Amino acid sequence: MKLHNYFRSSASFRVRIALNLKGLDYDYIPVHIARGDHKTGPFAAISPDQLVPLLEDDGERFTQSLAIMEYLDEIQPEPPLLPHDPVGRAHVRALAESIACEIHPLNNLRVLKYLVRELKLDDEAKNAWYRHWVREGMLSFERQLAQHPVGTYCYGNTPTLADCCLVPQVFNGQRFDCDFSGLPRTMGAFEACMQLDAFQRAQPARCPDAEA
């Protein structure tokens, strides 16, 4: 397997966690999206959406982190990233999508660049945008967690797709000094995840392309 990714990319971080949880080896191929390397050169030639991550496996190329993680769950069923029952699977997918589809799109790098370059927001205004939408999304996430029985992680006592999405979002939010207070279930799941080697090894600082 080859994973084209960027160390600070939340979506790439999710897939690194999933690969580690599954115990799958892969070649780490850095794509520096802050410099625009995803839009030029060899990566742009193989990536139709010019986004990271991109996973290459057995002659196929896969994009979109949620689709990649579900692919990994299907080719390597243990340990599972989704519960075995339909109800549990739907709940975990909803939690994962709350972050990947509701929070993340509003604060990823290309959106922040647009706010600055095209709408002429200064750093203070850009960061206020980021913090607002992360806070709103995390409050919603906490309310969703409260609908389910208490467990060690987001859903139950084993890490799932939801945890793979939660940890990178918290990591990036911490870089922007987001407010994570008053989120006991959310931060409890985050802290439990960070006790696991699979999450520790996936974090940005441990990546070969990591920068200060």
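Modeller: What follows goes from the pocket to its helices, and then to a loop residue and the cysteines. Please keep in mind throughout that this is a predicted model.

The largest pocket has a volume of about 930 Å³. It is lined by 38 residues, and of these the closest to its centre are Ile33, His104, Asn108, Leu109 and Arg110. By class, the lining of the largest pocket is made up of 17 nonpolar, 12 polar and nine charged residues. Several helices take part, for α1 (10-22), α3 (65-75), α4, α5 and α7 each supply at least two residues of this lining, and α5 gives the most, with seven residues.

Of these helices, α7 is mostly covered, with 13 of its 15 residues buried. Its length can be checked as well: at 1.5 Å a residue, the 15 residues of α7 should span 21 Å, and the end C-alpha atoms are 23 Å apart, which agrees. Just after α7, aspartate 177 takes a positive phi of about 55 degrees.

The 23 residues of α6 should span 33 Å at 1.5 Å a residue, and the end C-alpha atoms lie 32 Å apart, which agrees.

Ile33, one of the residues closest to the pocket centre, is also touched by tyrosine 6, whose other contacts include Ser12, Arg16, Tyr28, His32 and Asp209. Tyrosine 6 sits in the loop between β1 (2-5) and α1, and its relative accessible area of 4% makes it buried.

As to the cysteines, a search of the whole structure finds zero disulfides. Cysteine 101 is partly exposed, with a relative accessible area of 42%, and its sulfur is 8.4 Å from the closest cysteine sulfur, in cysteine 165, which is too far for a bond. Cysteine 165 itself counts as buried, at 1% relative accessibility; the cysteine sulfur closest to its own is in cysteine 164, at 6.8 Å, and that too is too far for a bond, given that a disulfide needs the sulfur atoms within 2.5 Å.

Definitions and conventions
Residues are numbered from 1 along each chain as its sequence is written. This is a predicted model: local features need pLDDT of at least 70, side-chain atom pairs count only at pLDDT 80 or more; totals for chains, interfaces and linings use all residues. Side-chain values use heavy atoms; hydrogens and water are left out. Helices (H or I, at least four residues) and strands (E, at least two) are DSSP runs, numbered from the N terminus. The expected span of a helix is 1.5 Å times one less than its number of residues. On a 1 Å grid over the protein atoms alone, a cavity is a set of points where a 1.4 Å probe fits but cannot get out, and a pocket is an open set with protein on both sides within 12 Å along at least five of seven lines; lining residues have an atom within 4 Å of a point. Grid points are joined across faces, edges and corners, and a volume is the space filled by probe spheres set on the points. Ala, Val, Leu, Ile, Met, Phe, Trp, Tyr, Cys and Pro count as nonpolar, Asp, Glu, Lys and Arg as charged, and the others, Gly among them, as polar. Buried means under 20% relative accessible area, exposed over 50%, partly exposed in between (1.4 Å probe, protein chains only). Contact means heavy atoms within 4.5 Å. Lists of a residue's contacts leave out its neighbours within four places in sequence.
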